[in-house]
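I went from the surface as a whole to single atom pairs.

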Protein chains: 2
Amino acid sequence: MFDLANYLPYLINRAGVRVAAKFTQDVKSENVSVQEWRVLAALSAYGPQRMSALADLTSIDRTTLSRLVTRMEEGGLVLRSRAEDDGREVHISLSTKGSATAGHIIPLAQRYEEIALEGFSAEEAAAFKDMLKRVYANFDRL
Amino acid sequence: MFDLANYLPYLINRAGVRVAAKFTQDVKSENVSVQEWRVLAALSAYGPQRMSALADLTSIDRTTLSRLVTRMEEGGLVLRSRAEDDGREVHISLSTKGSATAGHIIPLAQRYEEIALEGFSAEEAAAFKDMLKRVYANFDRL
DNA sequence: TATTGTTATACTCTATAACTATA
DNA sequence: TATAGTTATAGAGTATAACAATA
């Protein structure tokens, strides 16, 4: 047969789906979707980004991100501007409202991390995160 | 700021998205989507299931699953039948074609697990899977 | 010609609610 | 009334390809 209960991609997917589903409900009060939060989080963590970098950081498809950013721009969460040195590039940055919204959500996000890691020692948590990074890196070339 | 690079939900999401994206390309030759594979895998691992159980096993929304199963039924991958003892329940099972398709994909899926866990010791891999189960369980009540 | 980003299209997924059939 | 599953609808995501603007 097939040992689904110990199949790694399955375990990753179901954990991710569950966390995202719960988070969706909780950020609804901020009128922000999970994808929008991912953009806000990436810009909060790394500052203004080009579209292609933002797509990598958020794991959001480029064409989806383009329209998502348009909606966020219309909602006043982010600013879009052309690069001065290279007219092809677009720089996305947080607006004041976007920063404030991110500031409201970050504590909630941190509570999610605490819930997820309940019962983990600090060493276990660090090892766990490291393993997730290694899995990601193992697919770098593919 | 916000330490995205060590934020657990982010790490889980990006690993899951990357694995699913690569897998999508690879199963295309079997004319099967990732969601369809999840159904095939669940039925291969646990045998015939009711719709609600299958939704839990695959982390697929019930309404999405209902239409997904319709498409798979039309494609000859699964069989849908009413329960004899309770006319409300529907049992989904693999057809001969569905079993054969799953049989083709399972080796590919196992290669994905090997790629994902490259550089992991057996103990690390086991600990990693256990942690993913604990994270999932930590959101049980929410 | 190559790169960056946007738009078009068709299909799928999600979320909510309403609905049918059965218990 | 409650449960199992389906269907309707609107909004959003995905994949592919085509496109404009810039380099």
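Entry 1, elements. I first looked up which helices line the surface near DNA strand C in this predicted model. Helix H3 (51-58) and helix H4 (62-74) of chain A, and helix H4 (62-74) of chain B, each supply at least two residues. I noted that H4(B) gives the largest share, four residues.

I then listed what surrounds DNA strand C and found 21 residues. The closest are Lys28(A) and Arg80(A) from chain A, with Gln35(B), Thr64(B) and Arg71(B) from chain B. Of the atoms of DNA strand C that come within 4 Å of the protein, 73% belong to sugar and phosphate. Sorted by class, this surface holds 12 charged, seven polar and two nonpolar residues.

Which atoms of chain A face phosphate oxygens of DNA strand C? An N or O atom in the side chain of Lys28(A) is 2.6 Å from one such oxygen. For Ser66(A), a side-chain N or O atom is 2.9 Å from a phosphate oxygen. Met51(A) takes part through its backbone, where an N or O atom lies 3.4 Å from a phosphate oxygen.

I superposed chain A on chain B: a turn of 180 degrees with a shift of 0.0 Å along the axis gives an RMSD of 0.0 Å. The two copies are therefore related as by a two-fold rotation axis. I also recorded that the same surface serves both copies, since 100% of the contact residues of chain A recur in chain B.

Conventions:
Residues are numbered from 1 along each chain as its sequence is written. Chains are lettered from A and ligands numbered from 1 in the order in which they are written. This is a predicted model: local features need pLDDT of at least 70, side-chain atom pairs count only at pLDDT 80 or more; totals for chains, interfaces and linings use all residues. Side-chain values use heavy atoms; hydrogens and water are left out. A residue is near a molecule or strand if one of its heavy atoms lies within 4 Å of it. A polar contact is a pair of N or O atoms within 3.5 Å; within protein, one must be able to donate a hydrogen and the other to accept it, and residues adjacent in sequence count only if both atoms are side-chain atoms. Ala, Val, Leu, Ile, Met, Phe, Trp, Tyr, Cys and Pro count as nonpolar, Asp, Glu, Lys and Arg as charged, and the others, Gly among them, as polar. Copies are superposed by least squares on the C-alpha atoms of residues with pLDDT of at least 70 in both. Contact means heavy atoms within 4.5 Å.
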